[in-house]
Amino acid sequence: MNWTRIRHLNNNNVRTLRNAPLAEISGSLGDLGTLLPLMIALAVNNSISLSTTLVFSGLWNILTGVFFGIPLPVQPMKAIAAVAISREWSIEKTVSAGFTTAGVVLFLSVTGLLRWFTHAIPTPVVKGIQVGAGISLVLSAGTSLLQPLGWTTPNAGDNLLWALFTFLALLSTQRSSRIPYALLIFVLGLVISFSVTGSHDLPLFDLWQPSAYIPSPLDFKVGALEAGLGQIPLTTLNSVIAVSYLSSDLLPNTPAPGVTSIGMSVAVMNLVGGWFGAMPVCHGSGGLAAQYRFGARSGASIILLGILKMLLGFFFGESLVGLLKHYPKALLGIMVLAAGLELSKVGESLNNGARDLWEVSESTGVSEGCSLQEGQKQQRKLSDQERMERWSVMFMTVGFLLAFKNDGVGFLAGMLCHASYMLPGIREDLLRNFGRWRSHRQGQINASNDEEEHRPLLNIEYTLGC
């Protein structure tokens, strides 16, 4: 463990928090649009323990901020959450699905396969996963949060009028990062929730009492086969690989965490918290984009969020369900929509600034009026054909991801599209190499034949000479 690096990251955390405290606090709340709806639904169904989820996810927030130094979110595993909510799973089945995904990610991380997998995936496919995840968030905000609302329904505190107000407030802060938009909207949502809830659903002092949950073989089988396996592509691609790429794009001055360390983090979070009924969690590129969009620039933001979660989990726990159920969907919907758009914007750098386009110069020279020193990085220029092919691969990934609502399907479609463009070049290289080998082989045969023809004459001359 590199303690010098960790100390450097936390010095940056402290410095960033001192310079922009409101931005860090606001950014820490940027991912609530994804966290709250799923966490509340799972808690109401008794598919997780809310108090344990708050305590452990808060602890993971703090450790993530300390060891990674970036606003890396701790958010629900969406595929598992969707299945658990729709089928009203028990806690044992839900955590079994998390164990399955975490176990596979741990194996890939320890063996180094995850790192190899990252280098083998073309950048357009990774960008496609990111853009697809962003558009999925936008669609989710519309279908599950905003569409059910009317102009005055379901109540005075949650309707399309509030959504319109939240959207206009978002537009007014587009160019002003000093205004803590997410913080203000979160506080407004709490005020509305208190006014709608009434005294009977207010949170009460309820000290955390952890319990152990041991899945039966049947629970483990159901959780693994019906949700855990389906979550693996989503976690590997969007919560590990895409996060590593996105962090380097959004925060170029902060060392990006490697895929192995992110994978190990995902594995540890679930293999520890699951035994106590905590919600299956991961790190998502959508959450990172959301927290960055609303002001977070360092790990200090999620450390603050982690402290808040742990305090709520320790002292209020399950009694928070009643209040959180009434949190306005109009406010959450606009926040999710903004996060999705922020994540989708990473596709803009596909052909201009993407990490696979930078290469180290081998000699000094002049490029666009600037001297280029040996070993300096420069961006490779793409032909029109290459640009078109990269866009096609990215949008093929996005299209199939959205059509099938599955990251794995989108990934396979993108890889096949990439391969289809690479095949002619591979075929030409094979034919060229085969031609070289054939010419070399023919030269060896001709040389061997010439040697055979001259050998008798040499023998005669040698005999006569003796």
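**Exercise 1. A helix and its length**

What span should the 21 residues of helix α6 (residues 91–111) have at 1.5 Å a residue, and how far apart are its end C-alpha atoms?

Solution. The model is a predicted one, in which local features need pLDDT of at least 70 and side-chain atom pairs count only at pLDDT 80 or more, while totals for chains, interfaces and linings use all residues. Residues are numbered from 1 along each chain as its sequence is written, and side-chain values use heavy atoms, with hydrogens and water left out. Helices are DSSP runs of H or I with at least four residues, strands are runs of E with at least two, and both are numbered from the N terminus. The expected span is 1.5 Å times one less than the number of residues, so helix α6 should span 30 Å, and its end C-alpha atoms, 30 Å apart, agree with that value. After α6 comes Gly112, which has a positive phi near 85 degrees.

**Exercise 2. Annotated spans**

**Exercise 3. Aromatic pairs**

Determine how many aromatic pairs there are, and describe the one formed by Phe205 and Phe315.

Solution. Rings of Phe, Tyr and Trp (its six-membered ring) pair if their centres lie within 6.5 Å, and planes under 30 degrees apart count as stacked, over 60 as edge-to-face and the rest as tilted. This rule gives 11 aromatic pairs. Phe205 and Phe315 are stacked, at 6.1 Å centre to centre with 25 degrees between the planes. Because Phe205 lies in the loop between α10 (181–197) and α11 (217–250) and Phe315 in helix α14 (residues 300–315), the pair ties together parts 110 residues apart in sequence. With buried meaning under 20% relative accessible area, exposed over 50% and partly exposed in between (1.4 Å probe, protein chains only), Phe205 is exposed at 62%, whereas Phe315 is partly exposed at 35%. Both residues belong to a cluster that ring pairs build from Phe56, Trp60, Phe205, Trp208, Phe276, Phe314 and Phe315.

**Exercise 4. Pocket and cavity**

Describe the largest pocket and the largest cavity.

Solution. On a 1 Å grid over the protein atoms alone, a cavity is a set of points where a 1.4 Å probe fits but cannot get out, and a pocket is an open set with protein on both sides within 12 Å along at least five of seven lines; lining residues have an atom within 4 Å of a point. Grid points are joined across faces, edges and corners, and a volume is the space filled by probe spheres set on the points. The largest pocket has a volume of about 1300 Å³, and among its 44 lining residues Leu38, Lys78, Ala82, Ser136 and Ser140 lie nearest its centre. Helix α8 (residues 123–146) supplies the largest share of this lining, 8 residues. The whole structure holds 3 cavities of 30 Å³ or more, and the largest cavity contains about 80 Å³ of space. Of its 15 lining residues, Met269, Asn270, Ala278, Met279 and Pro280 are the closest to its centre. α4 gives the most to the lining of the largest cavity, with 4 residues.
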